[in-house]
Amino acid sequence: MSRGTVPRAYLGGEREPRTGGGGPGGPRGPRRPYGGGGGGGNNQYRGKRRPRWGRIVLVSLLALVLLAGIGAVGVWAYASSLDDKLHRTDAFAGLTGGRPAKKVDGAQNILLLGSDMRTSWKKSGEKPRTDTIMLMHIDADHNHAYVVSIPRDTWVHVPAMKGADASDQDAKVNAAFAWGGAPLMVKTVENFTGVRIDHVAIMNFQGFQSVTDALGGVRMYVDQTIKSIHPPYRTFTKGWHNFNGAQALDYCRQRYQFAQGDFARQKHQQQFLKQLLNKAASTGTLSNPQKLNAFLQAVVKVIQVDNDFNLVDEAVQFRNLRSKDVTFMTSPNQGTGTMDGQSVVLSDKEKASSLYEAMSNDQIADWVKKNPQK
């Protein structure tokens, strides 16, 4: 499958010093910040609503991590069977020299992507997009994970890649996936951050609905009363609610009704994940074979990983992680601006550079202490 693109069958389903990286298009900004690039090719994204769901992969990793702590032979066999069922992609195809160096043994950086393919887009021949772009760092002692959301409209330099539909130009970061699949997205994020990516996990955003339902829904807080802009036009009233998969998906897609727009949607999606993680670990799912199997089977159907990702190995390494050990943050930015006539997110060059240098050196805990999240 060329350039690690996501198979259509896979996409069709429905709070609480740097080496080789960070150059042009990195936190210091694109090489050509005021022109030259992404205009025409990136205009395809205007005026289209695109939810973002890559982060559910964390739920499956957490559940399997907890299972690994049991150490029973049957559990290992079961985890291996799940690993065999995962969709695979050559996420690093064509990536050879010029990549950032791996600085700390034992630490891991996993790129989490949420892809979006709708029936109307398949009919028109449009390429799948990724509107969740998250870089998860697991520290070398495997006791904490840090998940950095990179806003999909972040203005970056998409580096050159042979065989891509477009590249070597400035654009919104999510254009990289549409133009060159997972490999170009990996190359773009590594170029932007200077952090070497070890693994990639991609999720069909609509698939999270079945994952949520397999857990019996999720409890979420709605911070203001809104009416959905998507059929069946639900009204979400302020306060706590128990959402099924369809309701949670609908709520977490909303952005136009909030003053903070896409940043509000990003916050709600992080809230959703935290609640889902807590439910997976605290409501008997992990101790109920039937519930656990339904949950994990739903997960493996909608997740695609790189060829070297091994679920059992990851479970062993992350066995001490719990939801309280996961810290969420957003890639430092200066808010929105305009580039080539498009509304974009502008990276905070200095602060972003310091964050990603800390990540690369496995010192992100110190960075967080010096830069407390709001």
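**Close-up views of a predicted protein model**

**View 1. The side chain of H199 makes a polar contact with that of D306, at 3.1 Å.** A polar contact is a pair of N or O atoms within 3.5 Å; within protein, one must be able to donate a hydrogen and the other to accept it, and residues adjacent in sequence count only if both atoms are side-chain atoms. This is a predicted model in which residues are numbered from 1 along each chain as its sequence is written, local features need pLDDT of at least 70, side-chain atom pairs count only at pLDDT 80 or more, and totals for chains, interfaces and linings use all residues. Side-chain values use heavy atoms, with hydrogens and water left out. H199 is found in strand β7, residues 199-204. Helices (H or I, at least four residues) and strands (E, at least two) are DSSP runs, numbered from the N terminus. H199 has a relative accessible area of 10% and is therefore buried; buried means under 20%, exposed over 50%, and partly exposed in between, with a 1.4 Å probe and protein chains only. Beyond its neighbours within four places in sequence, H199 is in contact (heavy atoms within 4.5 Å) with F92, Q108, N109, I110, L111, D306, D308, F309 and E314.

**View 2. The second largest cavity holds about 80 Å³ of space.** On a 1 Å grid over the protein atoms alone, a cavity is a set of points where a 1.4 Å probe fits but cannot get out, and lining residues have an atom within 4 Å of a point. Grid points are joined across faces, edges and corners, and the volume is the space filled by probe spheres set on the points. The lining consists of A101, K102, K103, V104, A107, N109, H137, V195, R196, M359, S360 and D362. By class, the lining has 5 nonpolar, 3 polar and 4 charged residues. Here Ala, Val, Leu, Ile, Met, Phe, Trp, Tyr, Cys and Pro count as nonpolar, Asp, Glu, Lys and Arg as charged, and the others, Gly among them, as polar.

**View 3. T188 lies in helix α6, residues 175-193.** T188 counts as buried because its relative accessibility is 0%. Leaving aside neighbours within four places in sequence, T188 is in contact with V156, H157, V158, P159, V173 and A176. F177 is 11 residues from T188 in sequence and 9.2 Å away in space, C-alpha to C-alpha.

**View 4. R265 lies in helix α9, residues 262-282.** With 1% relative accessibility, R265 counts as buried. R265 and Y251 are 14 residues apart in sequence, and their C-alpha atoms are 8.6 Å apart in space.

**View 5. P231 and P232 are joined by a cis peptide bond, with omega about 5°.** P232 lies in the loop between β9 (226-227) and β10 (235-236). Y233 also lies in the loop between β9 and β10. Although Y233 is not a glycine, its phi is positive, about 60°. Most residues other than glycine have a negative phi, and most peptide bonds are trans. Y233 counts as partly exposed, at 45% relative accessibility.

**View 6. H142, a residue other than glycine, has a positive phi near 60°.** The place of H142 is in the loop between β3 (129-138) and β4 (145-149). H142 is buried, with a relative accessible area of 14%.

Notes. 1 Å grid on protein atoms, 1.4 Å probe; cavity = no way out; pocket = protein on both sides within 12 Å on 5 of 7 lines; lining within 4 Å.
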